[in-house]
Amino acid sequence: MVNEENSIFWKKILGEIETEISKATYLTLFKSTALLSLENGVASIAAPSTMIIDLLQKRFYQTIKRTVDKHTGFDTKILFVPKVIPIPSGQNTKTPKEEAPLFVHIEKKPTMVGHLPGVRPDYTFQTMAVSSSNQLAYVSATTVAKKIGSSYNPLFMYGPVGVGKTHLMQAIANEVYKNNPEKKIIYITSEGFTNEVVEAIRNNDTSRMKRRFRSIDLLIVDDVQFFAGKEKVQEELFHTFNILVDAGAQIVLSSDRPPMEIKKLEKRLSSRFSGGLTVDIEAPDFELRSAILLIKAKKHGVDLPIDVAKKIAEKTNDSRELEGLLVRAITISKTNGIKITTDTIDKTLDEGDGERHRFFRPDDIIRNICSFYNIKPTLMKGPKREARLVKVRQITMYILKKELALSFVEIGNILGGRDHTTIMHGVTKIEGLLLNNSFSEEMLRIKSLLRNA
Amino acid sequence: MKASFLLQNLSRRISFVNHAVSAKSQLPILLNFLIEAKKGRLIISATDLEIGIVAEVPAKIEEEGSVTIPAKAITELISVAPIEKITLQTKPEGLFLTGERVKTTFQTMPTDEFPKLYGDKGSELIRLKRNTIDKEFSRVVFAASQDAERPALSGVLIKEGESMSKEGFSLVATDGYRLSLQREALGGTKKKKTTDASMIVPSRVIRELILMNKEASEGGDIGVYVPQETNQVIFSQNDVTIVGRLIEAEFPNFEKIIPQDYSTKTIFEKEALQRAVKASYVFARQTANIVKLSIMKDKIVVSANAPSFGSSVMEVDAKTTGEENEIAFSVRYLLDFFSNIDGEEVSFEMTGPLNPGVFKIVGDDTYLHLIMPIRIQQEA
């Protein structure tokens with residue numbers, strides 16, 4: 001846009017030109033021009049059409065140049081740019097028109113497969129590697145996709161992070177969409193669903209949401225464990241659930257643990273969740289991890305030797321982390337021009353080890369951890385010292401330290417002005433706790449939550 | 001310059017070129033046509049600096065050259081002059097237009113004052129099939145805004161098909177109260193790979209495009225060009241070219257406002273409802289131009305009410321599924337819609353008296369028209 005300085009300068013120029021030429025010419029050619037920039041001896045002038053520019057060039061280049069030169073004091077080149085600059089109308093400083101009525105309530109729609117993002121088109125059954133750890137889940141998912149609503153309803157899949165729950169669920173969506181594009185499919189994360197409910201309650205318009213969710217053929221909700229403790233949302237889901245099942249629509253759910261183990265989930269809901277088929281997806285075994293690597297490598301256009309895949313597969317049992325390692329190996333080998341072999345792979349992956357760093361603001365981290373543990377961020381910074389709160393606070397300290405490498409003093413300041421020794425203690429405490437298996441899995445979940453935030 | 005040609009060849013073109021001449025222009029040169037004679041053709045151009053039209057007619061050129069000539073005068077003259085062979089010749093005294101039974105002289109203006117309409121067209125971006133243009137653009141362009149304060153809404157968005165599986169282009173126009181969307185349009189094929197295959201073309205240019213296409217003599221697809229480093233868009237068909245300026249603004253996210261479902265759907269004969277709405281207009285125009293549609297099981301009741309004047313109630317046969325419903329619209333929007341679409345049966349879908357109603361042509365799911373209802377007081 002035009003800055004004020006240029007606009008004042010241009011007004012002066014126009015004022016002089018106006019006196020030299022006929023009024024008609026001025027109004028037709030100069031009225032809607034503007035000075036876009038004046039630098040390095042070039043004045044860029046916007047005029048609304050190429051035809052106007054042609055006339056300005058042909059007939060008034062010298063007039064403009066002369067006037068501009070006089071004011072700048074040096075030899076200026078005039079450059080015309082075809083661009084419409086809205087002229088602020090002088091007297092009637094009308095407030096900008098309000099948004100056109102049709103576009104006032106642009107509803108937030110959940111993402112629709114194929115049409116809209118949200119479901120990755122490459123997450124299909126064909127791109128899924130199957131082995132004994134996820135075979136049952138795979139078979140039930142394909143069965144459901146083949147005949148929605150009539151085989152297992154609901155299909156509930158659970159398992160730790162990175163075992164392919166989301167992949168399977170989106171594969172169902174993609175498969176159903178591919179075969180029956182007219183089916184109404186909603187794939188939504190538990191957070192998305194929660195937001196919809198909150199939004200609807202806030203706007204006092206739950207009927208619209210109800211209508212939308214209750215008139216579909218396939219509802220897929222990812223990570224339902226996050227509904228824990230959200231009563232109103234659970235109630236909404238409960239009713240939606242009943243109506244959809246009655247209408248013969250298919251429901252697919254996922255969680256990190258079986259329905260009965262989700263704390264703070266209403267009994268009636270967890271019993272409904274387990275009313276269909278509940279399948280467990282285990283962490284991928286070694287063979288599956290190797291197979292996943294080979295598939296992913298092919299996607300990246302790299303022919304990965306099988307023994308290298310095995311080598312990488314030994315390093316982690318999280319499939320998401322696998323892909324990370326693979327991408328890093330590929331990138332490093334490409335940039336350094338080394339071939340990926342069993343000899344180089346160790347070195348490649350150990351260099352620059354550590355987490356793939358992503359830039360987080362401390363507040364993002366705090367917010368995510370708080371929502372994971374379902375506590376208020378203000379409590380985190382507050383003085384209260386209940387055992388549960390203290391633990392969450394210490395986890396935050398640990399993550400801030402490890403992910404962002406902040407100093408103890410900085411972390412202390414972020415967490416409501418705590419002493420750096422408190423922070424040091426907290427971090428050491430968590431490091432100790434990490435030896436415990438169930439706790440380290442919890443940390444893994446927090447980190448994956450952050451990574452996907 | 002000296003050129004001879006058949007008057008009827010020129011008269012066919014010149015009235016169309018005249019559309020680009022603005023009667024209100026304050027620059028005298030813009031009230032003129034530029035006529036150039038070269039290589040066996042007479043090229044006539046006109047512009048109001050916003051749009052430009054160029055047409056060519058075959059002619060026998062004895063001496064190449066160019067001249068400007070008052071647009072209004074020559075257009076009127078040609079429309080009444082006897083049809084015969086005409087010679088145009090520039091002499092020091094002016095421009096002479098002579099035929100066997102006609103002899104006229106015009107004062108001319110220097111041709112170098114006439115702006116150049118376009119430079120290098122660049123390569124063809126899109127090729128539009130001529131046969132569907134009228135129908136598809138007509139269904140859309142009427143919904144564009146006349147209000148220059150919302151630039152994005154004063155044009156028609158031409159956008160590459162929104163999903164990978166669909167062919168062709170989407171055409172969209174809206175004035176913020178109604179919206180027309182034509183999918184899979186133009187049978188167009190993109191010639192050049194560009195990342196951004198969407199543009200907003202002023203509705204005036206689209207209207208001229210429709211006219212150009214209607215008048216085009218024999219088959220000819222339309223080439224679309226967007227020259228580098230300009231904000232121009234050029235439509236070329238056979239011997240006629242329209243130059244317009246693209247609207248540089250962000251088109252509102254129309255896909256979000258298209259309802260995905262409905263609670264009431266009714267199918268009716270377009271003409272029947274159109275007639276009923278027209279009849280209601282007699283009363284509606286006395287007040288706020290509102291007509292109410294009550295959608296019942298097997299009919300639509302169209303009613304209008306003008307206090308201190310009278311009221312009307314008309315019934316139209318319809319097949320309704322879903323709940324019965326009521327909705328009120330501006331008569332003008334309904335009539336605009338009916339008079340700009342083809343098709344005999346139309347369906348109407350709605351979810352409530354305050355949500356936009358959706359009209360579709362039965363048997364053609366590539367088109368839809370959305371109208372924002374008017375909130376009315378419930379009758380006691």
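**Packing in a two-chain predicted model**

Phe283(B) is buried, with 20 other C-beta atoms within 10 Å; a residue gets that label if 20 or more other C-beta atoms lie within 10 Å of its own, exposed means 12 or fewer, partly exposed is in between, and C-beta atoms are placed from the backbone. This is a predicted model, where local features need pLDDT of at least 70, side-chain atom pairs count only at pLDDT 80 or more, and totals for chains, interfaces and linings use all residues. Residues are numbered from 1 along each chain as its sequence is written, while chains are lettered from A and ligands numbered from 1 in the order in which they are written.

Phe283(B) sits in helix H5 (residues 270-284) of chain B; helices (H or I, at least four residues) and strands (E, at least two) are DSSP runs, numbered from the N terminus. Setting aside neighbours within four places in sequence, Phe283(B) touches Ala304(B), Asn305(B), Ala306(B), Phe309(B), Gly310(B), Ser311(B) and Ser312(B), where contact means that C-beta atoms, placed from the backbone, lie within 7 Å. From Phe283(B) to Ser303(B) is 20 residues in sequence and 9.2 Å in space, C-alpha to C-alpha.

As for the rest of chain B, it has six helices and 26 strands, and 42% of its 380 residues are buried. Of its contacts between residues at least 6 apart in sequence, 66% link residues at least 24 apart. The contact between the chains draws 32 residues from chain B and 28 residues from chain A. On the chain B side, 13 are nonpolar, ten polar and nine charged, with Ala, Val, Leu, Ile, Met, Phe, Trp, Tyr, Cys and Pro counted as nonpolar, Asp, Glu, Lys and Arg as charged, and the others, Gly among them, as polar.

Over in chain A, helices H6 (residues 190-202) and H8 (residues 231-246) pack at about 100 degrees, their axes 10 Å apart. That leaves H6(A) roughly perpendicular to H8(A); angles under 35 degrees count as roughly parallel, over 145 as roughly antiparallel, 65 to 115 as roughly perpendicular and the rest as oblique. Axes here are lines fitted to C-alpha atoms, for helices over the stretch in contact, and angles run from 0 to 180 degrees between N-to-C directions. Phe193(A), Thr194(A), Val197(A) and Ile201(A) of H6(A) meet Lys232(A), Val233(A), Glu236(A) and Leu237(A) of H8(A).

Helices H1 (residues 4-20) and H3 (residues 50-72) of chain A also pack, at about 135 degrees with axes 10 Å apart, and are therefore oblique to each other.

Terms used:
Two residues are in contact if their C-beta atoms, placed from the backbone, lie within 7 Å.
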